[in-house]
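The entry is shown below.

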Amino acid sequence: MNFHTHDLTAPMPAIINMPQEWLLHPEEATLRADATYSVGVHPWWTADNDIEALLRGITFWAQHPQVVRIGECGLDKLKGGALDLQEQVFLIHVELSERLEKPLTIHCVKAFDRLLSLHKQLRPKQRWTIHGFRGKPEQAQQLLAAGFDLSFGEHYNEAAFALCPPTRRYRETD
């Protein structure tokens, strides 16, 4: 299964991440009957967008039966809006994930320390998966020990991939 893709025409089985336009204009979206989706506000979108409209969009879509995951959401210290805004938006995703009992797909760049701290503080019941993981084995081990799952795209550290148990490891095309 393709754990995470932005390709609306991806072959199934796959989890398609809903585009920003579908959050802003749900009435214009057409879901594929054979597809499953994830929905979230990417941290990059927090820079120059109507956050309230995006949050209304995820709230609308998150309850849809074809939406199987919340996210892609997270923290990115290199791109996106202010980190405190990214964290506020991320926490809304966590609440939605817990309330709807749908796991979380996370985008994280240079903010793993904060993400680990939030995970420890919040103690979520739903699975949190780092998508597009490229880190070293030591970082992979730290995340796995904290309860995270990992998803690997085209580029990844082979040693990190090898140490991740198959039941907690996913493949994606992003």
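What is the volume of the largest pocket? The volume is about 470 Å³. The model is predicted, with local features needing pLDDT of at least 70 and side-chain atom pairs pLDDT 80 or more, while totals for chains, interfaces and linings use all residues. Residues are numbered from 1 along each chain as its sequence is written, and side-chain values use heavy atoms, without hydrogens and water.

**Largest pocket**
- Lining residues number 20, and those closest to the centre are Val109, His131, Gly132, Phe133 and Arg134.
- Strand β5 (residues 104-109) supplies the largest share of the lining, three residues.
- The lining divides into six nonpolar, nine polar and five charged residues.

**Asp76**
- Asp76 lies in strand β4 (residues 67-76) and is buried, at 3% relative accessible area (buried means under 20%, with a 1.4 Å probe and protein chains only).
- Its side chain makes a polar contact (N or O atoms within 3.5 Å, one able to donate a hydrogen and the other to accept it; residues adjacent in sequence count only if both atoms are side-chain atoms) with the side chain of Trp44 at 2.7 Å.
- The side chain of Asp76 also reaches the backbone nitrogen of Leu78 at 2.8 Å.

**Asp149**
- Asp149 belongs to strand β7 (residues 149-152) and counts as buried because its relative accessibility is 2%.
- A polar contact of 3.5 Å links the side chains of Asp149 and Tyr170.

Terms used:
On a 1 Å grid over the protein atoms alone, a cavity is a set of points where a 1.4 Å probe fits but cannot get out, and a pocket is an open set with protein on both sides within 12 Å along at least five of seven lines; lining residues have an atom within 4 Å of a point. Grid points are joined across faces, edges and corners, and a volume is the space filled by probe spheres set on the points. Helices (H or I, at least four residues) and strands (E, at least two) are DSSP runs, numbered from the N terminus. Ala, Val, Leu, Ile, Met, Phe, Trp, Tyr, Cys and Pro count as nonpolar, Asp, Glu, Lys and Arg as charged, and the others, Gly among them, as polar. Buried means under 20% relative accessible area, exposed over 50%, partly exposed in between (1.4 Å probe, protein chains only).
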